[in-house]
Amino acid sequence: MNNSFEHSNRTHRNIYIALLVAQGVIIGILERMIPFPFAFAPGAKLGLANLITIVAIFTLSFRDVITLTWLRLILTALVGGTLSTFIYSFGGAFLSLFSMLLVKQLGPKRVSIIGISATGGVMHNVGQLLVASFIAQTWTVMLYLPILSIIGLAAGIALGIAANYLFTHVTILSYLRFNHEQVPSKKKE
């Protein structure tokens with residue numbers, strides 16, 4: 001009976017991850033269709049699909065968040081991207097993810113979802129510029145960082161507010177977040 005329960009639990013988790021991946025891919029594809037209004041920042045995006053990453057950070061294990069991020073990047077590249085967009089997205093997504101996970105470790109009394117998301121927004125741009133610097137073999141690309149940091153910070157704050165709203169108003173996300181936060185304390189006992 002216990003084995004059946006574990007299998008059911010694993011199946012529910014996999015379905016949840018698949019739904020988040022699908023939502024991230026769809027948001028990413030839709031975002032590509034939105035023209036960015038600032039001509040001084042060519043190639044800049046709002047990073048709306050990172051909302052899915054923020055939700056995942058607060059509802060899934062580290063391993064599952066890594067899996068989700070990989071799947072989202074690969075599927076988005078296969079559906080509507082190129083190898084080049086995959087490489088830039090990879091650099092930005094994983095630096096952003098690890099930065100958000102690190103900042104999240106400070107705890108909810110020190111940093112909010114909005115702060116974690118803002119960190120992710122800025123670090124996503126840093127990751128992409130590091131990839132660009134490596135490809136171009138010059139650090140002058142990093143001169144673009146102040147402009148992208150401002151955009152990343154604003155987008156990160158907006159996505160953090162959206163994530164906060166989702167966790168407050170979507171019952172199942174509140175439940176998953178609560179259960180995810182209780183797991184570490186149960187392990188310590």
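1. Basis. The model is predicted, so local features are taken only at pLDDT of at least 70 and side-chain atom pairs only at pLDDT 80 or more, while totals for chains, interfaces and linings use all residues. Residues are numbered from 1 along each chain as its sequence is written, and side-chain values use heavy atoms, with hydrogens and water left out.

2. Overall make-up. The protein has 7 helices and 0 strands; helices (H or I, at least four residues) and strands (E, at least two) are DSSP runs, numbered from the N terminus. The order of elements from the N terminus is α-α-α-α-α-α-α. Of the 189 residues, 37% are buried. Buried stands for under 20% relative accessible area, exposed for over 50%, and partly exposed for what lies in between (1.4 Å probe, protein chains only). Among contacts with a separation of 6 or more, 72% join residues 24 or more positions apart, a contact being heavy atoms within 4.5 Å.

3. Packing of α3 and α4. Helix α3 spans residues 62-80 and helix α4 residues 83-104. The two pack at an angle of about 160°, with 10 Å between their axes. That angle makes α3 roughly antiparallel to α4. Axes here are lines fitted to C-alpha atoms, for helices over the stretch in contact, and angles run from 0 to 180 degrees between N-to-C directions. Angles under 35 degrees count as roughly parallel, over 145 as roughly antiparallel, 65 to 115 as roughly perpendicular and the rest as oblique. On the α3 side the contact residues are Phe-62, Val-65, Ile-66, Thr-69, Trp-70, Leu-73, Ile-74 and Ala-77. They meet Phe-86, Ser-89, Phe-90, Ala-93, Phe-94, Leu-97, Phe-98 and Leu-101 of α4.

4. Aromatic cluster. One aromatic cluster is formed by Phe-62, Trp-70, Phe-86, Phe-90, Phe-94 and Phe-98. Rings of Phe, Tyr and Trp (its six-membered ring) pair if their centres lie within 6.5 Å; planes under 30 degrees apart are stacked, over 60 edge-to-face and the rest tilted. By this rule there are 7 aromatic pairs. The Phe-62 and Phe-98 rings have centres 6.2 Å apart and planes at 35°, so this pair is tilted. Because Phe-62 belongs to α3 and Phe-98 to α4, the pair ties together parts 36 residues apart in sequence. The pair of Phe-94 and Phe-98 is also tilted, since the ring centres are 6.0 Å apart and the planes stand at 35°. Phe-94 and Phe-98 are 4 residues apart in α4, or about one helical turn. Phe-94 is buried at 7% relative accessibility, whereas Phe-98, at 40%, is partly exposed.

5. Helix α2. This helix covers residues 50-59 and packs on α4 at an angle of about 40°, with the axes 11 Å apart. The two are therefore oblique to each other, and their crossing is right-handed. Thr-53, Ile-54, Ile-57 and Phe-58 of α2 make the contact with Leu-97, Met-100, Leu-101 and Lys-104 of α4. Since 10 of the 10 residues of α2 are buried, the helix is largely enclosed by the rest of the structure.

6. Lys-104 and Phe-58. The charged end of Lys-104 sits over the Phe-58 ring, 5.1 Å from the ring centre. The criterion is NZ of Lys or CZ of Arg within 6 Å of the ring centre and within 35 degrees of the ring normal.

7. Ser-117. This residue is in helix α5 (residues 113-136) and is buried, with a relative accessible area of 3%. Not counting residues up to four places away in sequence, Ser-117 touches Ile-54, Met-100, Gly-156, Leu-159 and Gly-160.

8. Ser-149. Helix α6 holds Ser-149, which is buried at a relative accessible area of 18%. Leaving aside neighbours within four places in sequence, Ser-149 is in contact with Val-122 and Asn-125.

9. Met-142. The loop between α5 and α6 (145-169) contains Met-142. Met-142 touches Leu-129, Leu-130 and Ser-133, not counting residues up to four places away in sequence.

Terms used: Left-handed = near helix turned anticlockwise from the far one by under 90°.
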